[in-house]
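Hi everyone, thanks for making time for this. Have a look at the sequence and the structure, and then I'll walk you through a few spots.

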Amino acid sequence: TLLPYNDPVTVAASNSLVPTIWFGHKSGRISIYRIVPSNGGSSQGGSMAKFDLEFVTLLYGHMASVTSLILSPEYSLAVSASANGCIMTWDLHSQTNLHHTSTSVNISTFEQNRRSSQDSQLSTANNTFPPHITNNSNSRVLCAVSESCGDIAVAADSTLTLYTVNLVKVCQTTIRGLITALTFSHLSEGVSVNSVVIGTQGGGVRFYSSWDLTHIRDVTGCPASPVTELAFSLDCLSLIVASRNCFITIFEKSGSHGLNRTPKYVSIQ
């Protein structure tokens, strides 16, 4: 299946419990495709079955490039974010808009000073004004959904905001530097307090309380390279961190020796 060539895909989302794939586009549109068996059917010789994508619908609402998409079958919810700070929630089955809000796209003073220094050097070298986030159009707004309670975390540049499942703002905090990755831990409610985990441009990983965004701890040991993805293992005993320099670091919860079955070495073929 060919996606629109004149509207590049900026982000995609899927979930093993959801029969559709969602694509966010540069224009702000969201296209949805259903996964169906291809005309050729299953492959022979024990190979994987072949599938194709069948167009379902287009969703409109964002006025800037879609930067994040999350599918949450636990709450029949999809969450999307765009570069101008717009956050929207959608019904996963009817594909209708439920709620929307705008988050602040703020840059910390530290990051502003760093960018101003870079911009000044670039302007002097090229005798031009750099197109660096003049109107926040280059911001990558990230979102994550808690599997245990449905709360929604949104990261926009240096700002981390927590919303309820209905996009009612709970609390907000600003960090030093840029947030480049975002996720929730997913322990069952009553077993432990879950965390909002962020990755930063400097390679840091930080834990915040999912109740009030109180800083809990920093994790050290990652390469000094921007964190691109964060994910917990199914048992939530391991945190996998991917960095832009193509390193994958796996952190294991202390005291979980003998409980964690995550392979120590991952074979990627």
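Let me start with a question: which residue in β8 does T89 stand opposite? It's H99.

What you see is a predicted model, where local features need pLDDT of at least 70, side-chain atom pairs count only at pLDDT 80 or more, and totals for chains, interfaces and linings use all residues. Residues are numbered from 1 along each chain as its sequence is written, and side-chain values use heavy atoms, with hydrogens and water left out.

So, the overview. The chain has one helix and 19 strands. Both are DSSP runs, numbered from the N terminus: helices are H or I with at least four residues, strands are E with at least two. Of the 269 residues, 45% count as buried. Buried means under 20% relative accessible area, exposed means over 50%, and partly exposed is in between, with a 1.4 Å probe and protein chains only. The accessible surface of the chain is about 14700 Å², and 53% of that belongs to carbon and sulfur atoms. Those areas come from the Shrake-Rupley method with a 1.4 Å probe, and for residues only the protein chains shown count as cover. Now contacts, meaning heavy atoms within 4.5 Å: among those between residues at least 6 apart in sequence, 42% join residues at least 24 apart.

Strands of a sheet pair through backbone hydrogen bonds, either parallel or antiparallel. Here we count two strands as paired if DSSP finds at least two bridges between them. This sheet is open, has four strands in the order β5-β6-β7-β8, and pairs antiparallel. β5 (66-72) and β8 (97-102) are the edges: each has a single partner strand, so one side of each has no neighbour in the sheet. On average, neighbouring strands are turned by 15° against each other, direction ignored. For angles like that, axes are lines fitted to C-alpha atoms, for helices over the stretch in contact, and the angles run from 0 to 180 degrees between N-to-C directions.

Now follow β7, residues 86-91. Is β7 enclosed or open? Five of its six residues are buried, so β7 is largely enclosed by the rest of the structure.

Next, another open sheet: three strands, order β17-β18-β19, antiparallel pairing. The edge strands are β17 (227-232) and β19 (248-252), each pairing on one side only. The twist averages 20° from one strand to the next. β18 (residues 238-243) is joined to β19 by five bridges, and V241 stands opposite T249.

Let's turn to rings. Rings of Phe, Tyr and Trp (its six-membered ring) pair if their centres lie within 6.5 Å; planes under 30 degrees apart are stacked, over 60 edge-to-face, and the rest tilted. That gives three aromatic pairs. Why is Y33 with F55 called edge-to-face? Their centres are 5.5 Å apart and their planes are at 70°, so that's the class they fall in. Y33 sits in β3 (residues 30-37) and F55 in β4 (residues 51-59), 22 residues apart. Y33 is buried at 5% relative accessibility, whereas F55 is partly exposed at 45%. Ring pairs also bring in F23, making a cluster of F23, Y33 and F55.

One last stop: G199, in strand β14 (residues 195-200). G199 is buried, at 0% relative accessibility. Beyond its neighbours within four places in sequence, G199 contacts several residues, including L178, V227 and L230. And E229, 30 residues away in sequence, is 7.7 Å from G199, C-alpha to C-alpha.
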